[in-house]
Amino acid sequence: MTVLAKKLFSWLIKAAILGLAAWFIYHKFLTKNSDLQEFGIKVSSLTKGQVIGTLTAVSILMMLNWTLEALKWQYVSRKLINISIWKALESVFCGLTWAIFTPNRVGEYGGRIMFLPNRKRIHGLFAMMVGSLGQNLITNILGLTGTLWFIYTYKEQLHIGELFFWCIGVLVVFFLFLLTLFYFNIEWMVSLLSRIKFIKKYERFFNIMARYNMDELLNILWYSVARFMVFTMQYYLLIHLLLPQLGLLTIVMMVFTFLIIQSALPSLDIFDIGVRSFTATSLFAYVTNEQLAVVACVSIIWLINLIIPAVIGCFFVLKLKFFDRYA
């Protein structure tokens, strides 16, 4: 390709990404999302200070959440290249813009690794997977803890006997043990993949996953725990605002349970507000009959945590380099 052709192709890709992101955000947020209007109706009975204070706190926590993710990305990518925290933030927000129109947020990987040098991008994909494995482990540990609490607390409504509950508990503990063992021994997976003939030739790319030692994997988990706590705090603040009758333990455990169910469902960020709302209302129906409040909480978290960052990421899409050099 000529220099001019590469430049033109690069700008066409950027324009397509921005166009898709803009269309999806407009289509869902401005034309079809009545849940956020319901939020306005629900908070009309509250004082202005309560609403503004809570939304401000949730927004600050959003920035903390993605800053923690940027720090984790900076940490895992240092096996390849040292990047500044600002560049890590840019890549995280850019990835969120890609994520909103791709299934299961796979575009987040592509958007983020594009900030790495061309020769490091595939390696970066596998480095990012290590960070994702850490987040997945924490989500499973805390989420399944919440799920066990939920099942035990409402076992009569769920028609689950004591013996069956303890069988579930044993299976959960065994599953978490295997998941933890796998995480701290990622080199086992690398070794297995390297034995597969048609995959072995790509070993130079996925072998990076085996380079993280125990201390580094543990540090990744601490970043993941911090992010999970930030999620939980966001939900707690909103739920407590709209449903103050619910206790701290109940809210936290219900949120833990909701987050693991949400993580297990296939989705498209821009459309999964309906799935999130249905899941949340079905789950929280055991503790409250105020479905409107639950839908409002889920909707505002969706807006603050995903849509606003995706809009911010649009500005960073323009900085992408699809070709390291045009010559």
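Predicted model: local features only at pLDDT ≥ 70, side-chain atom pairs only at ≥ 80, totals over all residues.
## Transmembrane spans

Residues 121-151 are 100% helix and 0% strand, with 43 Å between the end C-alpha atoms.

Both spans carry a UniProt annotation. The unreviewed entry gives the feature "transmembrane region" for residues 121-151 and 246-265, and also for 12-29, 49-68, 80-101, 163-184, 220-239 and 292-318.

## Aromatic pairs around Tyr154

The model contains 10 aromatic pairs. One of them joins Trp149 and Tyr154: the ring centres are 6.1 Å apart and the planes stand at 85 degrees, so the pair counts as edge-to-face, a class that requires an angle over 60 degrees. Trp149 and Tyr154 are both buried. Tyr154 also pairs with Tyr286, with 5.6 Å between centres and 45 degrees between planes, and this pair is tilted. Tyr154 sits in the loop between helix H6 (121-153) and helix H7 (162-183), while Tyr286 sits in the loop between helix H13 (273-284) and helix H14 (291-317); the pair therefore ties together parts that are 132 residues apart in sequence.

What is the relative accessibility of Tyr154, and is the residue buried or exposed? The value is 11%, so Tyr154 counts as buried, the limit for that class being under 20%. Tyr286 has 33% relative accessibility and therefore counts as partly exposed. Ring pairs link Tyr154 and Tyr286 with Trp149 and Phe150 into a cluster.

## Lysines over tyrosine rings

Which lysine lies over the face of Tyr152? That residue is Lys155, at 3.9 Å from the ring centre. A further case involves Tyr212, where Lys79 lies over the face of the ring at 5.5 Å from its centre.

## Ser91

Ser91 belongs to helix H4, which covers residues 85-99. The relative accessible area of Ser91 is 1%, so the residue is buried.

Which residues does Ser91 contact, apart from its neighbours within four places in sequence? They are Trp73, Gly111, Arg112 and Phe115.

Definitions and conventions:
Residues numbered from 1 in each chain as written. Heavy atoms only, no water. Phe/Tyr/Trp six-rings, centres within 6.5 Å; stacked < 30°, edge-to-face > 60°. Buried < 20%, exposed > 50% of the residue type's maximum accessible area, 1.4 Å probe, protein only. Helix = DSSP H or I, 4+ residues; strand = E, 2+ residues; numbered from the N terminus. Lys NZ or Arg CZ within 6 Å of the ring centre and 35° of its normal. UniProt positions renumbered as here; feature names shortened; annotations may be inferred. Contact = heavy atoms within 4.5 Å.
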